[in-house]
Amino acid sequence: MRIGVPRALFYYMYYPFWKTFFEALGHEVILSSPTNKKILKDGLEFAVDDACLPVKVFHGHIVDLIEKVDVLFIPRIISIEPGEFICPKFLGLPDMVKSSIPDLPPIIDSNLSVYKNRKGLIEHAKSIGTDLGHSSKLILKAYKIASTKFNSYKKFQISHEKLPLDSGQKSFFDSNSSYFSRHKNKCLGENTLNVLLLGHPYNIYDNYISMNLITKLQKNGIKVITPEIIPVKNISAGAKNLKKRLFWTLGKNIIGSTYYYMDCGKALDGIIHLASFGCGPDSIVGELLERKLSRNRLVPFLRINIDEHSGEEGFNTRLEAFIDVIEGRRRN
Amino acid sequence: MKVTFPHMGNLYIPLRTFFENLGAEVVVPPLSSKRTLEIGCKYSPEFACLPLKVTLGNFIEALEMGADTIVMAGGVGPCRFGYYAEVQREILKDLGYDFDMIVLEPPQGHFWDLIKKFKYITNKKSFKEIYLAGKLAWKKIILLDRLEKMVNRIRAVELEKGKTDKAYKKALNLISNARDEQELAFARQQIAKEISSIKKAKERNLLKVGLVGEIYTLLEPFVNFNIEKQLGELGVLVERSIYISQWVRENLLPSFMKSKEPEVLAKLAEPYIPCFVGGHGRESVAQIVSYAKQGFDGVIHLLPLTCMPEIVAKSVLPMVSKIHSIPVMTFVLDEHSAETGLRTRLEAFVDLIRERKEEKEFGVLSGD
């Protein structure tokens, strides 16, 4: 069966698992095209007005897949870390899509929740497998293959500081799988500028939404650090500085990474926070971040809000000014 | 210690009673106003939702009046409300205020934690004293809820315009000033007398509209432009889906004391939103289905701009509205909302449902 996976939202975290799992079950995984003008336009047309940019874009990816697949995969992601949530919109994502887009193929909307414990991922796999009509023996086998690959990919991502960035049509996972375990990240010299790029993976790694932010930074000789390549234990250590535990995983990653770098005396030349307009969690997280950073004024901070009307020119100007600032500081 | 808390509709009445009966000095912030909103917005993050901004304004106004201890509710997500207090504390700190902030987290198995915090606020009063103060406050909440329900029914049919609201104001004062249960019982009788003396028109085809949505925008008349009163003035009987007593039951009581009612209700939303989506998103949908089944003529859905759970609800509303054949109108509220715009849309909505109702009845008469 051809299973459609939208190249949006949690694709940037879970694709290695989903792809391996579906293929182990003997299905073909069809990925939607990288975000483009048409996908954005379709997303704007179908999604509810009040949704944020990444959710609208997700709707566009669904439209892109409708004609090409037998089944659509729209998991209901509730929690990806024990005791934590993600944005409420993910909890209702399959419902939003079903009521907004007509003539959809069958949908697999299995829950993914590790809120109670990490076994949630097996449950997730079982529920997908059962929906596809496989025996539990085969499902378990496929799960083992997929979770092993997924875990080693996550380790590889951190140890090689490999950002989940697609290159052209190829997904980040496919283009990396040949490197897997032998590729070593270029060891950058002392003079490289280090920038901590904060934001939800589906915003910062989507080249269309982020207007190639990562590539633009890298072209300027900047080493981009994101929460995805920071070891989990460091993020948790950083997040401990909060008075109250933050209950959104992505928000915790943002705040935790910042605190970790600020408090452990790691050299940073700048921090960028990319958020989408109307993002609920980021309105809170961004505020805490800005207040923390503006109190000690040690690192230049750039906050960018994006929405469907963002123009690339203004974006570039702000980015260039920011790069000038951090380069100037380094020279002095 | 001078205790203060945020406004949400009439919540200040039982809260003041509770803290005063425990011997704390209470500073009730001025009722939310344009000024509250202005200062709240000035210092809040731009994309935060409206309740954060208005309650921040409440806190600043209370601190200006000399309050030094803020009592605020917390939460465990995924709705933003659970992190309000953390952000508001940082903002107020940066503004240079000197205060203590006590956050009452929902007692997920930590009911004693809540009692401990009350003990701290109230200077180590005994459990019994806390219980007694809580009991009176709770009785006030129940009476307030009942009063609001009555007023929303009568306003639509009052013969003398404004009579109901006069009685309502008087009743609020009576409840607010009652110092013990005896006085509250007396107030209850007074109120019943007052309300029953309002002359009512005999209206057979009264329009019925349900109000659903995010709790703060439903309960705080300042941010929803007193929508219940406005609908009443348009001759519409209003029923609101959330009352303070429900919120307290769901959020502050230990789980074994909770009623099963919300779970039963949530079942109604299953075909559209089968699982919890934070806040009252799923409940809003369930309430609409429930109103449709009860034969209401329309539903109004309120939410603050960028409210995550209600956006999920909003996206399935067209389907719910179509399947259950009930008109639903959504109002998204923020600091730029204007009363005139809301009024115009309300009038249009009421016209629409009135026409629809007449058509239906005409259909029945002519045997269609």
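Between chain A and chain B, 29 residues of chain A are in contact with 33 residues of chain B, where contact means that the C-beta atoms of two residues, placed from the backbone, lie within 7 Å. This is a predicted model, in which local features need pLDDT of at least 70 and side-chain atom pairs count only at pLDDT 80 or more, whereas totals for chains, interfaces and linings use all residues. Residues are numbered from 1 along each chain as its sequence is written, and chains are lettered from A and ligands numbered from 1 in the order in which they are written.

**The side of chain A that touches chain B**

- The elements that give two or more residues to this side are α4 (88-91), α5 (93-100) and α13 (280-296) of chain A, with helices (H or I, at least four residues) and strands (E, at least two) taken as DSSP runs and numbered from the N terminus.
- The element that gives the most is α13(A), with seven residues.
- By class, this side of chain A has 14 nonpolar, seven polar and eight charged residues, where Ala, Val, Leu, Ile, Met, Phe, Trp, Tyr, Cys and Pro count as nonpolar, Asp, Glu, Lys and Arg as charged, and the others, Gly among them, as polar.

**Domains of chain B**

- Chain B is assigned domain 1 (2-125), domain 2 (138-203) and domain 3 (206-368), with bounds that come from an automatic or database domain assignment.
- The centres of domain 1 and domain 3 of chain B, taken over C-alpha atoms, are separated by 27 Å, and the contact takes 20 residues from domain 1 and 21 residues from domain 3.
- On the side of domain 1 of chain B that touches domain 3, the elements that give two or more residues are α2 (34-43) and α3 (50-64) of chain B, and the largest share, four residues, comes from α3(B).
- That side of domain 1 of chain B has 14 nonpolar, five polar and one charged residues.

**Positive phi in chain B**

- N226(B), in the loop between α9 (215-219) and α10 (227-233) of chain B, has a phi near 50°, a positive value in a residue other than glycine.
- N226(B) counts as partly exposed because it has 16 C-beta neighbours inside 10 Å, given that a residue is buried if 20 or more other C-beta atoms, placed from the backbone, lie within 10 Å of its own, exposed if 12 or fewer, and partly exposed in between.
- S325(B), whose phi is also near 50° and positive in a residue other than glycine, lies in the loop between α14 (308-323) and β8 (328-333) of chain B.
- With 8 C-beta neighbours inside 10 Å, S325(B) is therefore classed as exposed.
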